[in-house]
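Dear colleague,

My notes on it follow directly after the display.

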Amino acid sequence: MIHRAWLGRLWREPLAQFLAIGALLFLVFSWRGGPSGSSRIVITPGQLDTMAATFERTWQRPPSERELKGLVDDYVREEIATREAMAMGLDRDDIAIRRRLRLKYEFVAAEASDSAPPSDAELEAWLRTHADAFRVDAEISFRQVFINADRRGPTADKDARAILAQLAAAGPSAPLDGIGDTFMLPQEMERASRTDIARQYGSGFAQDLVKVEPGRWAGPLQSGLGMHVVLVRERREGRLPALAEVRAQVEREFLADRRRRELDALYEQLLSRYTVTMDPLQPASAAAATPDAAQAPARGSGR
C-alpha cells in the first residue's frame, strides 16, 4: 500500500509527467525508425549575418558575442525540433503547416516573377488600359452663397434669384459677408476635386457645378443641403497623368497582375502531373452535404 501511494504522489509531480511523456515520444520515434535525413546541422556565414542583421534591426545595435551565441543556440534548437517533428509525422494533415508551405511556395514563385522588371512600353500600355484607375479628378475653385430652403420656405427660390442678381451686379469679387444664410461649409472653395464636392454637396450638385461658366455668378443650384448661388473662379479638367507621375503605382499593380497570371499558369502546368480523383460521398455524408436532398422523396411521395 505504501508503494502504491508513493507511486501516486510521484506521478502527480510535473517533472515525472514530463519525463514520462519524453520517454513515450522517444519510444514512438524509435518505433518509426528515427529521424530522416542527415543529423548534421550546418550554420553558414550567411545565416550568421542574417541573425545579426535581424537582431540589429530590432534592437538598433549589433548583438554581443554572448547574444549571438544565444541566437545560434536557438536556431539549432529550432532545427532539431523541426527535424524531429517531421520525422514523427507531426507535419502531416496539419492545415496550418499546409497553408504556410503554400504561402512560401507562392512567395518563391512571385520572387521569380518579379526578377524581370517591366519595360516602359509594358507600363505605358497598362496605364492606358486602366486609365480610369489613374485619372486625376477635375478640380474646381468656386465661391458660393447658401440659401436655406427649409428656413425660408416658399420664398427660397425667389430669395435665391434676388441674391443672384445682387451678386451679378457686384461682380466676381463681390463681398459675401451678410449675404445668404449661415452654412457649415466655407464660402470659398480652393481646387476642390469633383469627388470631394460630390461627397460634401451631393453628386447632382457636382455635375451641375462642372457645367457652370467660369467668371459669372450662376444658380441657384440644388444640393442635398439646400440652394446655392455659385461663381466658378477656376476649373481644371480631369486628365490622365503621364507615366512618370504615377510610375510606382502603375508598376506595383502591373507586377501584382503578372504574378497572378503566372501563378495561375504554373498551377495549370503542375496540375498536368497529377491525377485528381474524388471518392463518392457516403450516404450519411451526402445527406449532410445536401440537407434538402433527404426531404426530396417525401415531397414526391404525396403525388
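In this predicted model, the lining of the second largest pocket comprises five nonpolar residues, no polar residue and one charged residue. The pocket has a volume of about 190 Å³, and the residues that line it are Y105, Y267, L270, L271, R273 and Y274. Helix α12 (residues 243-271) supplies the largest share of this lining, namely three residues.

The largest pocket has a volume of about 440 Å³. The largest share, six residues, comes from α5. By class, the lining of the largest pocket contains seven charged, five nonpolar and one polar residues.

Four strands form an open sheet, in the order β2-β1-β4-β3, with antiparallel pairing. Its edge strands are β2 (188-193) and β3, each of which pairs on one side only. From one strand to the next, the twist averages 40 degrees.

Within this sheet, strand β1 (residues 139-147) pairs with β4 in the antiparallel sense over nine bridges. Strand β3 (residues 217-222) is joined to strand β4 (residues 227-236) by four bridges, and these two strands also run antiparallel. Which residue of β4 is the bridge partner of L221? It is H228, and H228 is likewise the bridge partner of F146. A further bridge links A218 to V230 in β4. When you examine these positions, please bear in mind that side chains in a regular strand alternate between the two faces of the sheet.

β3 and β4 together form a hairpin with four residues between them. In the turn, G226 has a positive phi of about 160 degrees.

Two points of backbone geometry deserve a mention. Most peptide bonds are trans, and most residues other than glycine have a negative phi. The peptide bond from G219 to P220, however, is cis, with omega near 0 degrees; P220 is found in strand β3. Q60, a residue other than glycine, has a positive phi, near 60 degrees.

Helix α10 (residues 194-201) and helix α11 (residues 203-210) pack at an angle of about 135 degrees, and their axes are 7 Å apart. Because of that angle, α10 is oblique to α11. The crossing in which α10 passes α11 is right-handed.

- the lining of the second largest pocket, including Y105 and Y274;
- the cis peptide bond from G219 to P220;
- G226 in the turn of the hairpin formed by β3 and β4.

With kind regards

Terms used: Residues numbered from 1 in each chain as written. Predicted model: local features only at pLDDT ≥ 70, side-chain atom pairs only at ≥ 80, totals over all residues. Heavy atoms only, no water. 1 Å grid on protein atoms, 1.4 Å probe; cavity = no way out; pocket = protein on both sides within 12 Å on 5 of 7 lines; lining within 4 Å. Points joined across faces, edges and corners; volume = space filled by probe spheres on them. Nonpolar A, V, L, I, M, F, W, Y, C, P; charged D, E, K, R; others polar. Pairing = 2+ DSSP bridges. Axes fitted to C-alpha atoms, helices over the stretch in contact; angles between N-to-C directions. Parallel < 35°, antiparallel > 145°, perpendicular 65-115°, else oblique. Left-handed = near helix turned anticlockwise from the far one by under 90°.
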